[in-house]
Amino acid sequence: MSISPRTMEEVSTLGLYLPPGPVDEILIPSGTISDTNRPLYEVVAQYGNTVHAVINGVPIIATQDPQIITYVLVDQRKEFLHGYGSSLEAVFDGSWILLPHEPHRDARRKISPAFNPTSLSGLYSTIERVIDSHINEWLSKGNFSCIEACTGLTLEVIASLIGLPKSDYAKYRELYPIISNGAYHPLGSTELANSIIARTELIQMVARVIADRHNNPANDFTSLMINAGFTDQQVMSQDIVLGFAGHETTRKVIASAIMELSRHPELMQGIMHERASENNLSNVTFRPTKNMGLTNRIILATLLSYGPATLLPRVAQVDSTLPNGFQIPRGWQVKLFMESMHEKIFGNRDFDPKRFLDPTDEQRKHFAPFGLGPHACIGVGLAMQEAFLVLQKLCDYTWQTTINPSGKLPKDIEIKNFSRI
Ligand code: HEM
């Protein structure tokens, strides 16, 4: 449910105390959602950690301050609802992740068991089988696009955890890029229309799995959600969300780690040594802890340098007063610059697994590549397990990467001569 944002006139009549920002509205040509965020980074660079701006008529508060980010995501979470935007909401239509605070919390409680360590350990062999089959495919190709390969792998992990039959994997793989692409284009665009058509097709595939699971329960997410009491409609939209949230993110992390490993052969040696000495999958964590294993540190370093969640969006449900005294007017968008916040607390975001050997208290507290609070990533355990398994398996192989210098990472990484050592 959208609430109309307070106008500047109301803000001034009520005497709300805004953080600094440009007096004039910023006008940019209409385009993709990410375009509208770019000028905000300049405003933050010019005016300070927490700023306000009006961009194309939309009033926004942006911040890279860790305290304010925690305030919005955790302490005063009920005052802020997700702000995904109408295109993403159309793609996620019907999912519990869009619900207001309390129904969201109740639905999340029901689905959480699917992602706890016990469930994940039951799914381990499925995940491993998918990874092995993809690495074999990479071997037979030798040269391939890294992001394409990682997209195929991460999507198939989700497809198999949802319970789709193998015969549907190719179609699933074909539909997802169309669904994802639409989510980043405005309402009324052809891309979003195509995305909704592809989504409908995907829902039909998922509906067949749901119908089957009512009679033949299996060890997969779909059965788990049916058992938890979700309606068929909710399971369908949830399966769409899992595919979206689970592959766009994880593929970027795995592809970026693959690139860094080819630049740092000594890390490959280290992973090989670690793999031989102990099986530490159960210790894998997204929380920086002292003396954590090398593979885990490589994943955290990759999340810091190339983490997909650069910005988390929220919308203020009430006039809210921040700990530093500034106020966020009701209905205003709130953009939390996670990447910039990480850069501040770590000094830079250069890839360096050593920095996680002995993280400071501040780094431990504020490192949040999977978000914070009630909407924090539900699939964190799955993502960490998947990345860990891929990296440990890759030490039996060798490859080179080439990167188009003008390209956007990790989209332009090409793998050459992928072969067994
Ligand atoms: C490296 C991989 C991943 C990263 C960095 C990541 C990051 C995030 C972040 C930052 C959020 C919070 C969004 C917000 O607060 O607005 C989130 C939410 C979510 N993630 Fe992930 N994610 C990853 C993998 C996955 C996987 C594998 C799945 C499931 C298969 C998943 C499912 C979800 C869902 C369902 C939510 C919404 C939770 C809610 O609203 O309660 N994610 N993720």
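1. First, the ground rules. This is a predicted model, where local features need pLDDT of at least 70, side-chain atom pairs count only at pLDDT 80 or more, and totals for chains, interfaces and linings use all residues. Numbering starts from 1 along each chain as its sequence is written.

2. The ligand has 25 residues around it, and Gly246, Thr249, Gly371, Cys377 and Gly379 come nearest. Two elements give two or more residues to that shell, helix 11 (232–263) and helix 16 (380–394). Helices are DSSP runs of H or I with at least four residues, strands are runs of E with at least two, and both are numbered from the N terminus.

3. Which element gives the largest share of the shell? That's helix 11, with seven residues.

4. By class, the shell splits into 16 nonpolar, eight polar and one charged residues. Here Ala, Val, Leu, Ile, Met, Phe, Trp, Tyr, Cys and Pro count as nonpolar, Asp, Glu, Lys and Arg as charged, and the others, Gly among them, as polar.

5. Take a look at Asn56, in the loop between strand 1 (50–55) and strand 2 (58–63). Its phi is near 50°, positive although the residue is not glycine. Asn56 counts as partly exposed because it has 13 C-beta neighbours inside 10 Å. The cut-offs, with C-beta atoms placed from the backbone: buried is 20 or more other C-beta atoms within 10 Å of a residue's own, exposed is 12 or fewer, and partly exposed is in between.

6. Asn291 also has a positive phi, near 60°, and sits in the loop between helix 12 (265–277) and helix 13 (294–306). With 8 C-beta neighbours inside 10 Å, Asn291 counts as exposed.

Definitions and conventions:
Near = placed C-beta within 6 Å.
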